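My notes are below, in the order I looked things up.

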Amino acid sequence: MKMDSNKIYKSEAATSHLPGMLHEAAKPKMRGENVNVFYGEKQALFDVNLDIGANEVTALIGPSGCGKSTFLRCLNRMNDTIDICRVTGKITLDDDDIYDPKIDVVELRARVGMVFQKPNPFPKSIFENVAYGPRIHGLSRNKTDLEEIVVTSLRRAGLFQEVKDRMHQPGTGLSGGQQQRLCIARAIAVSPEVILMDEPCSALDPIATATVEELIDELRENYTIVIVTHSMQQAARVSQKTAFFHLGNLVEHGDTDEIFQNPREERTKNYITGRIG
Amino acid sequence: MLVLWALLFILALSATGFFLGRQRALSLVNGDQRNLHSMPKYYGSNVALKALVPAALLLVVWSIAQPLYVNYSISSSIPESAVSETSSLGLLMAEVRRVADGLDSTVAQGTISDELARDPNADLNSITEGFKSAGQILTSEITRPMLQAAQSYRSMRRDGRFYMIIAVVALSLLGLIWGIRETQPRFRARNVVENGLKVLLISAASIAILTTIGIVLSLIFNTYEFFTLYPASDFFFGTSWAPSFSGRGGSSDLGILPLLWGTLYISLVALVVAVPIGLFAAIYLSEYAGPQLRAMAKPMLEVLAGIPTIVYGLFALLTVGPLLLAVFGDEGVGIMQAGTAVMTAGLVMGIMLIPFVSSLSDDIINAVPQSMRDGSYALGATQSETIKKVVLPAALPGIVGAILLAASRAIGETMIVVLGAGAAARMSLNPFEAMTTVTAKIVSQLTGDADFSSPEALVAFALGMTLFVITLGLNIIALYIVRKYREQYE
């Protein structure tokens, strides 16, 4: 089944190869097809079909309890840690079904990293926080290699200048915004392809938020990013694609400019103008 | 008996006071409780408290103070000559009290008339006869001064009780009247009752603390007395424990080191058993087990904590000891002489401590925020990597605290070692030899007829004090570590 879909996709890609760049950009990094999620008896998501484009920022917006975080957590199977959660449908990463029993969840999560709503650095030093992922996946050959990964990750997360003199002090001692950037550095350190962000700025002040938003924009170059946010302005600022969820349904998705300026659905329009939510 | 009646009386008075106070408060405002400062029941409670508390306090204080006062005044009235006949004033006073009690019960039985019992010049023989026919046992002959002292003891005691009852009842009545007079619509009865409750709670807490202080003080005084009879350096650094049997004279070796060695060795074995098993059980229960299994397994594990330690002792003596002997005894490896050994007691004590370690560790592991685990899983860590590298390091201070608390339990444990470890005080490295512990020796030094002026009996207090200091130290360190850990996530 998996092999088949691969073949089909490849043949399609082969036949319509002419537009080249244009088509490459349109090739989705991740794709959800008819995704349904149940918490026990309660259904949280209904037949969601959503493509996540490579090297883009996709924002998931919608009122609380609409299922956007649930969908996000399906993308790296973090829902597996919840006993009563059940997922049906198909989610692919580069055309591989991530809910295939043969898929190694641990490897999947190394490819699809995640940053949480509340900064959650481990009670270890800044260095050890970032080195954690590379260590468990054996990504470095020696100590200098590991140090380089840590420094590069911190630099990419825009934190290196601030912490370079206190790499061995506890990560929990940083400010909220710095902690969140540390968590981003930690996620980057395992070289993921996709980074999921669950309201990464909701616990931060406006200045720290601006820093993190800038960072997200820079990260787009190398990573595919999916961000859940409650802030319409944030979605408009950082994302290229936006998906609006309501009551477990994906109501509308498309280019961010399109959604915010010219929404097709009445519900989307009501939400972004603040009438529901 | 009369004290009990007095108590019942003031209780009844206070109950009456409750209804009187409530009634009066309501009638003052013609039944409209909105015009009262407080709910009517608070006025009632105020009266009840006023009638009960001062009177009950007086009852308690008087009951404690009266015997002290009577003893003091009687013993100072006894002539010197009477004392010299017997060994000491204390012994004589004990005899006087016995005669007084004897007089009370012989009069109650009717063998001696009340007049004869009160007569200071009564015939000593007829009194003795009366005692004998009433079945009262006397240790020594009744002398004239002794009889007179006993008679005044009796009358003082009776008068004291009489006055006490009058005073208590009067105070209770006064309180009742005071409370009722206070009952006015603007009186803040609610606040008064609130304060009364606060004082009640404070006194409950201080009783617990004062008792602890009392226990520690009695330990300290007796330990001090022991060190006046036996050199402290021999006690703390002596390597031999050989008490002579009290009464037979001869010098005893009372060195604590062999006992301390046994205690620490057995505790070590117990912790080696309990810590890994308890910790792994806690990790399984909190991280791997499903909610249903957890709901069933956790209480079952905690049942272990509810088993009385004497039962563990029996288990050590009858099951574990013979089992070990079969393997390591002369018919097996040949390094074990008897069923009672450090290993026997240590293993069983370890089993006893498993729920202690697992339950505390489980709480601590659960206190590690889920976001830590999520962060680790999201980086592609497996469950055991997450536990090993994130959960356990975060929980480590708390787990160390739990282990220290378990250690102080192990050090203070008595019944298992009394039955399982043997009685020989020796310092050996072989865990299959019988050794003994501080607690087991405290038991053996004080069972039977202990003469509390000999170092052989008083050494128990010094041993207890040493244990107390060790476990207190461990507990303080453990609590300090646990508290430090808690601050991390607040």
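**Ground rules**

I am working with a predicted model, where local features need pLDDT of at least 70, side-chain atom pairs count only at pLDDT 80 or more, and totals for chains, interfaces and linings use all residues. Residues are numbered from 1 along each chain as its sequence is written, chains are lettered from A and ligands numbered from 1 in the order in which they are written, and side-chain values use heavy atoms, with hydrogens and water left out.

**Chain A**

I started with the secondary structure, and chain A has twelve helices and ten strands. Here helices (H or I, at least four residues) and strands (E, at least two) are DSSP runs, numbered from the N terminus. Next I looked up burial: of the 277 residues in chain A, 51% are buried. Buried means under 20% relative accessible area, exposed over 50%, and partly exposed in between (1.4 Å probe, protein chains only).

I then checked contacts, meaning heavy atoms within 4.5 Å. In chain A, 66% of the contacts with a separation of 6 or more are between residues 24 or more positions apart. The accessible surface of chain A is about 13200 Å², and carbon and sulfur atoms hold 50% of that. These areas come from the Shrake-Rupley method with a 1.4 Å probe; for residues, only the protein chains shown count as cover.

**Chain B**

Chain B has 18 helices and two strands, and 40% of its 490 residues count as buried. I wondered how its radius of gyration sits against that of a compact globule. Chain B has 32 Å, whereas a compact globule of 490 residues would be near 23 Å. The radius is taken over C-alpha atoms, and the globule rule is 2.2 Å times the number of residues to the power 0.38. The C-alpha trace of chain B spans about 90 × 80 × 40 Å along its principal axes.

For chain B, 72% of contacts between residues at least 6 apart in sequence join residues at least 24 apart. Chain B exposes about 25600 Å², with 67% supplied by carbon and sulfur atoms.

**Aromatic rings**

How many aromatic pairs does the structure hold over all chains? I find 15. Rings of Phe, Tyr and Trp (its six-membered ring) pair if their centres lie within 6.5 Å; planes under 30 degrees apart count as stacked, over 60 as edge-to-face and the rest as tilted.

The ring centres of A:Phe71 and A:Phe245 are 5.7 Å apart with planes at 40 degrees, so I log this pair as tilted. The pair links distant parts of the chain, 174 residues apart: A:Phe71 is in helix α3 (residues 68-74) and A:Phe245 in strand β9 (residues 241-246) of chain A. Both A:Phe71 and A:Phe245 are buried.

B:Phe18 and B:Phe19 have ring centres 5.4 Å apart and planes at 85 degrees, so that pair is edge-to-face. B:Phe18 is partly exposed, at 22% relative accessible area. I also noted one aromatic cluster, formed by B:Phe226, B:Phe227, B:Tyr230, B:Phe235 and B:Phe236.

Is B:Arg373 buried or exposed? Its relative accessible area is 6%, so B:Arg373 is buried. B:Arg373 sits in helix α14 (residues 370-378) of chain B. Leaving out residues up to four places away in sequence, B:Arg373 touches B:Glu287, B:Ile365, B:Val368, B:Thr386 and B:Val391.

B:Asn366 belongs to helix α13 (residues 342-367) of chain B and is partly exposed at 36% relative accessibility. With the residues up to four places away in sequence not counted, B:Asn366 touches B:Ser286 and B:Arg294.
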